[in-house]
Amino acid sequence: MSDSMLKICRAAPVVPVLTVESVASAVALAQALVAGGLTVLEITLRTPAALDAISKVKVEVPEAIVGAGTVRNAKDLDAAVSAGSSFAVSPGATSALLDAADGAPIPMLPGAATVSEAMALNDRGFKVLKLFPAEPVGGVSWLKNVGGPLPQIRFCPTGGIDAEKAPDYLALDNVVCVGGSWVAPTALIRNEAWSEIEKLARTAFLLGKRG
Ligand code: 3PG
């Protein structure tokens, strides 16, 4: 499962972290992001529309790899699977959630914010982790420091990253991709400014991943 999560993380340099207010806007948003080159999408379970949005985007935007974000417990994970998510992302990792992830048919990207959390998750078989919240816990400097003692762990840092900061993260050997909401700002979604979002996505896509 961890290998499939790594493969998903390698499919695009930036994973848009999306908060969607309606199913219709989620589909248009996904189309814009995919048109800009970002094919891995995290729809957070923070709105009533989220689960239906995942199901609809999966059908209407087949080029997208759609996952559920903000998965906090086994119930969220069940709902994410039922909605058709291709992966699940959590800001952290409780033992109850990890137990549920063990039996789930989709891969999970659990969150870690300390070296001990990263080691414990790696012991459980996770090869790629979400460093969250990346900027507040030390960002690029944190990742450079753990690259020595934990060279086998890969990260998708998320939290406080934007277009200016992303290149420094993507230049690190232990970073496979970064997550962020900057490519889909709420104001642009509400204004249905899809071409603006497509431009943000393209700029993010072109950041690429070195190595
Ligand atoms: C989140 O869960 O909100 C994500 O980490 C996104 O963080 P960002 O809005 O700082 O990009």
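User: Which residues are around the ligand?
Analyst: This is a predicted model. Around the ligand are Val17, Arg46, Lys130, Phe132, Thr158, Gly159, Gly160, Gly180 and Ser181.

User: What does the side chain of Arg46 do there, in distance terms?
Analyst: An N or O atom in the Arg46 side chain is 2.5 Å from an oxygen atom of the ligand.

User: And how far is Ser181 from an oxygen atom of the ligand?
Analyst: A polar side-chain atom of Ser181 lies 2.5 Å from a ligand oxygen atom.

User: What about Gly160, which part of the residue is involved?
Analyst: The backbone. One of the N or O atoms there is 2.7 Å from an oxygen atom of the ligand.

User: Lys130 and Phe132 were both on that list. How do they sit relative to each other?
Analyst: The charged end of Lys130 is over the Phe132 ring, 4.8 Å from the ring's centre.

User: Which peptide bond joins Phe132 and Pro133, cis or trans?
Analyst: Cis, with omega at about -10°. Most peptide bonds are trans.

User: Where is Pro133?
Analyst: Pro133 is in the loop between strand 7 (128-131) and helix 7 (134-137).

User: New topic. Which residues other than glycine have a positive phi?
Analyst: Thr70 is one of them, with phi near 55°. Glu192 is another, with phi near 50°. Most residues other than glycine have a negative phi.

User: Where do I find Thr70 and Glu192?
Analyst: Both are in loops. Thr70 lies between strand 3 and helix 4. Glu192 lies between helix 10 (186-190) and helix 11 (194-207).

User: Is each one buried or exposed?
Analyst: Thr70 is buried, with a relative accessible area of 8%. Glu192 is exposed, and its relative accessible area is 54%.

User: On to helix 3. Which of its residues are buried?
Analyst: Helix 3 covers residues 50-60, and Ala50, Ala53, Ile54 and Val57 are buried there.

User: Why do they line one face of the helix?
Analyst: Look down the axis of helix 3. Its buried residues fall within an arc of 105°, so they line one face.

User: What is on the face turned away from the buried side?
Analyst: That face of helix 3 carries the exposed residues Asp52 and Val59.

User: And what covers the buried residues of helix 3?
Analyst: The cover includes helix 2 (23-35), strand 2, strand 3 (65-69) and helix 4 (74-83).

User: Let's stop at strand 2. Where is Leu41, and is it buried or exposed?
Analyst: Leu41 is in strand 2, which spans residues 40-44. Leu41 is buried, with a relative accessible area of 0%.

User: What is Leu41 in contact with, leaving aside neighbours within four places in sequence?
Analyst: Pro16, Leu18, Ala30, Leu33, Ala64, Ile65, Val66, Gly67 and Phe87.

User: How far apart are Leu41 and Pro136?
Analyst: 95 residues in sequence, and 23 Å in space from C-alpha to C-alpha.

User: Last topic. How many aromatic pairs are there?
Analyst: The count is one aromatic pair. Trp142 and Phe155 form an edge-to-face pair, 5.5 Å centre to centre with 90° between the planes.

User: Which parts of the chain does the pair link?
Analyst: Distant ones: Trp142 is in helix 8 (residues 139-147) and Phe155 is in strand 8 (residues 154-155), 13 residues apart.

User: Are Trp142 and Phe155 buried or exposed?
Analyst: Both Trp142 and Phe155 are buried.

How values were computed
Residues are numbered from 1 along each chain as its sequence is written. This is a predicted model: local features need pLDDT of at least 70, side-chain atom pairs count only at pLDDT 80 or more; totals for chains, interfaces and linings use all residues. Side-chain values use heavy atoms; hydrogens and water are left out. Helices (H or I, at least four residues) and strands (E, at least two) are DSSP runs, numbered from the N terminus. Buried means under 20% relative accessible area, exposed over 50%, partly exposed in between (1.4 Å probe, protein chains only). Contact means heavy atoms within 4.5 Å. The arc is that of the directions from the helix axis to the C-beta atoms. Rings of Phe, Tyr and Trp (its six-membered ring) pair if their centres lie within 6.5 Å; planes under 30 degrees apart count as stacked, over 60 as edge-to-face and the rest as tilted. A charge sits over a ring if NZ of Lys or CZ of Arg is within 6 Å of the ring centre and within 35 degrees of the ring normal. A residue is near a molecule or strand if one of its heavy atoms lies within 4 Å of it. A polar contact is a pair of N or O atoms within 3.5 Å; within protein, one must be able to donate a hydrogen and the other to accept it, and residues adjacent in sequence count only if both atoms are side-chain atoms.
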